[in-house]
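Biologist: Can we go through this one together? I'd like to start with the strands and then move on to a helix.

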Amino acid sequence: MSWFSQILENWISFSYLEEYRALVVHPLWLLKLLILLYSPFICTVLCLWALSFVLHIYKKINNQQESDVSKFWEKPRKIIAQVCDIFGKIWYGYEVIGMEHLRKGPGIIVYYHSATAIDYSFLVAKLFKEAQRECFSVTHRGIYRLPGLKILLNSINLKDFNKAECVEILKKGHLLGIAPGGGREANFSYDYNIMWGNSTGFARVALEAKVPVIPMFTQNVCETYRNIGKSRLTRWLYEKTRLLYLPIYGGLPVKLTTYIGEPIPYDPNITAAELAEKAKTAIENLRDKYQKRPGNILRALSERFDKHYKAN
């Protein structure tokens, strides 16, 4: 072997490239790990993008007029509601107890926000399909501003509505869904603990619009998907950015039953803080009555497939 070949072999040996290899390989493994952890979220966004693309084509073909937005999206909304309702029934055995509280008049539906709020999506679909009621939903501005999804979110009345828009929706006689715990509750709540903090925005809207607040809780919703990565660091990052979304896992066909509580009527003599506390207590009462704690995935699965299961 020539001296040049020996030098070349030594130069490309592992010992010489170890430092550079670490710099390249470790970020690649980190990227792969992040893709794996966020794969459910990535798949969901890809599906939503595909649906948004279909709606773009629908809008192009049918030449939407801005003056009649709601009527224009009625047919796609019916199809989405039908698919969502069928999926909920087949996969989760989804049902609603107390639907009579939602069939007439305006009101604010307040609910516990699980990792995905999939139960609320099923409720909105069932309301539209069975009661022909549109339910507008308040979402985080970060979700509404995801590129390519605005046409889909607008078609299903999901938006980061401000206070004035919320009041206007209610005065027109519609329902409005709000999760006061928001992303904080979705990411960091443990075993159905409600994390509203000092949130009273929905109560101020209800008092201004003079509408009732309707509590909602879904049995086993935390067993559908669970998130990982709860720590002081991730909590600090969330509080600083309000954009953090922890990785989730799950999707098992557990039994889901949504309970709609008695509406809390409009009372001009109470404050927003008092109304918010009433709503929180109402949801906690529904939770304590219908949810076995701590939550258990195997038990929730047995409740889905055991024909002789009783809620009590």
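Biologist: What stands opposite phenylalanine 217?
Modeller: Tyrosine 259, in strand β9. Strands (E, at least two residues) and helices (H or I, at least four) are DSSP runs, numbered from the N terminus. This is a predicted model, where local features need pLDDT of at least 70 and side-chain atom pairs count only at pLDDT 80 or more, while totals for chains, interfaces and linings use all residues. Residues are numbered from 1 along each chain as its sequence is written, and side-chain values use heavy atoms, leaving out hydrogens and water.

Biologist: How do β6 and β9 run, parallel or antiparallel?
Modeller: Antiparallel, with 4 bridges joining β6 to β9 (residues 257–260). Strands count as paired if DSSP finds at least two bridges between them.

Biologist: What about β6 and β2, parallel or antiparallel?
Modeller: β2 (residues 107–111) pairs with β6 in the parallel sense, over 4 bridges. There, valine 110 stands opposite proline 215 of β6.

Biologist: How many residues of β6 are buried?
Modeller: 7 of the 7, residues 213–219, so the strand is largely enclosed by the rest of the structure. Buried means under 20% relative accessible area, exposed over 50%, and partly exposed in between (1.4 Å probe, protein chains only).

Biologist: Which residues sit on which side of β6?
Modeller: Val213, Pro215, Phe217 and Gln219 are on one side, and Ile214, Met216 and Thr218 on the other. In a regular strand, side chains alternate between the two faces of the sheet.

Biologist: Back to β2. How buried is glycine 107?
Modeller: Its relative accessible area is 0%. Glycine 107 lies in β2 and touches Leu170, His174, Leu175, Leu176, Val211, Pro212 and Ile214, leaving aside residues up to four places away in sequence. Touching means heavy atoms within 4.5 Å.

Biologist: New topic, helix α14. What span should it have?
Modeller: 27 Å for its 19 residues (272–290), and its end C-alpha atoms are 27 Å apart, which agrees. The expected span is 1.5 Å times one less than the number of residues.

Biologist: Which of its residues are buried?
Modeller: Ala272, Leu275, Ala276, Ala279, Ala282, Ile283, Leu286, Arg287 and Tyr290. Seen down the axis of α14, these fall within an arc of 135° (taken from the directions from the axis to the C-beta atoms), so they line one face of the helix.

Biologist: What covers them?
Modeller: The cover includes β2, α11 (201–209), β6 and β9. Phenylalanine 202 touches residues including Val110, Val213, Ala276 and Ala279, not counting residues up to four places away in sequence.
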